[in-house]
Amino acid sequence: MSTAPPPIPVTVVGLGADGWAGLTAAARSSLARAEVLIGGPRQLDLLPAAECAGQRVAWPSPLRPAVPQLMAEHAGRRIAVLASGDPMFYGIGRALSEELGPDRLLVHPHPSSVSYACARLGWPLEDTEVVTVVGRPVDRLAAALYDGRRVLVLSAGAASPGEIAALLRGRGFGPSRMRVLEQLGSEREHVYGGTAEGWDHAPGDPLNVVAVECLRDPAHGGPRLGSTPGLPDTAYEHDGQLTKRHVRAATLCALAPAPGELLWDIGGGSGSIGIEWMRTHPSCRAVAVERVPERAARITRNAAALGVPGLRVVVGAAPEALTGLPAPDAVFIGGGLTAPGLLDAVWAALAPGGRLVVNTVTLESEAVLAERYRRHGGDLVKLAVAHAVPVGAFTGWRQAMAVTQWSVTKPATATQTVTKEKDQT
């Protein structure tokens, strides 16, 4: 019985701004032997026609949906895909690995623009935050802004430095030093800089990286934001529908976000729980479900202002609005608890090990939580916060409305445990 030959690996070659001259001998050999060369027009133009005779195919836009089609169209041929710098660092290598599997790839990495930038600046790479705005909103940078931190921003083009300077000014980091490093690694390498508040440079080369040394303006009127849950209430635009700071911190603690996990924030209000879930790690994701359109729009604005514009907002009432959403790792219910079928729908959507946290302030909802606590266990607690306020010439305590919180982890059934073990063997 004959067996089919193994598929031909797809070669992925990282290119620097220096093009062909900066490639290793192995990378040059792979490109010379390729029958199909796929890349952006700028990358394809860097290859000499005499050495690279393969058919040249430029990526269409949008790029990601075109990957499976192009791979299928040229199946059985020697394909070389061109990438900027290191293909596996915010590059096309990720999409190819997800589509074809890592075993189908032969990757020739090149130093990334981040490595070049840190070498030029004398910044330790491990201590430098990296944010990309390539195909992403510049608002993502806001989550990385802390006094004294160094951030490298992978630009989307010539306009990015100006947009970054404007964001820094708006977030209270106008005194921050900015340096734009263009065409890193090529003969046309160029660096210029200034402060965000005084930025007046015209757009330069589209191939650039922006280095930011964060310096917060002490005169800025906005609140200082930390890296842990429990941001000041004044950081949010709201109409009163806001999980207050101390309860919010306790709620995020109970939800226990981990990198890569997805949260459903049901009854989003101002979006504070989903926003602070996403701020714990760049790979955390959240969906806020809010039935009132005005509040849903407010959630979107708050998410952008606080550096997590990727927060997805669904306008609608739960449980109907939950249909079709990706399965969550954790769920927070901050409103609408008494809606028929909501708790059952959420419990069914959670996989074993998933967490559910519910906050309420009404006796009716508290009764629902007490019944679920008897059925599923978990932790049932009452959170009470009092604030010191003036009482005439003295100071006294003003008690905020107490919040009842139920948190529980969905257990694994015997069947589910066996299935999981089989999947791992």
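**The salt-bridge network**

Tutor: Happy to! Let's start with E237, which is partly exposed, because its relative accessible area of 34% falls between the limits of 20% and 50%. Do keep in mind that this is a predicted model.

The side chain of E237 forms a salt bridge with that of R298, with 3.8 Å from N to O. R298 belongs to helix α9 (residues 293-305), while E237 sits in the loop between β10 (208-213) and α7 (245-255), so this contact ties together parts that lie 61 residues apart in sequence. R298 counts as buried because its relative accessibility of 13% is under 20%.

Next comes D239, which pairs with R295 in a salt bridge whose closest N and O atoms are 2.9 Å apart. Here too the pair links distant parts of the chain: D239 is in the loop between β10 and α7, R295 is in helix α9, and 56 residues separate them. D239 is partly exposed, at 39% relative accessible area. Through shared partners, salt bridges join E237, D239, R295, R298 and R301 into one network.

To set this in context, the structure has 18 salt bridges. One of them brings together the side chains of R120 and E189, at 2.6 Å from N to O. That pair also links distant parts of the chain, with R120 in helix α5 (residues 113-121) and E189 in the loop between β8 (177-182) and β9 (190-195), 69 residues apart. R120 is partly exposed at 42%, and E189 is partly exposed at 27%.

Conventions:
Residues are numbered from 1 along each chain as its sequence is written. This is a predicted model: local features need pLDDT of at least 70, side-chain atom pairs count only at pLDDT 80 or more; totals for chains, interfaces and linings use all residues. Side-chain values use heavy atoms; hydrogens and water are left out. A salt bridge is a side-chain nitrogen of Lys or Arg within 4 Å of a carboxyl oxygen of Asp or Glu. Helices (H or I, at least four residues) and strands (E, at least two) are DSSP runs, numbered from the N terminus. Buried means under 20% relative accessible area, exposed over 50%, partly exposed in between (1.4 Å probe, protein chains only).
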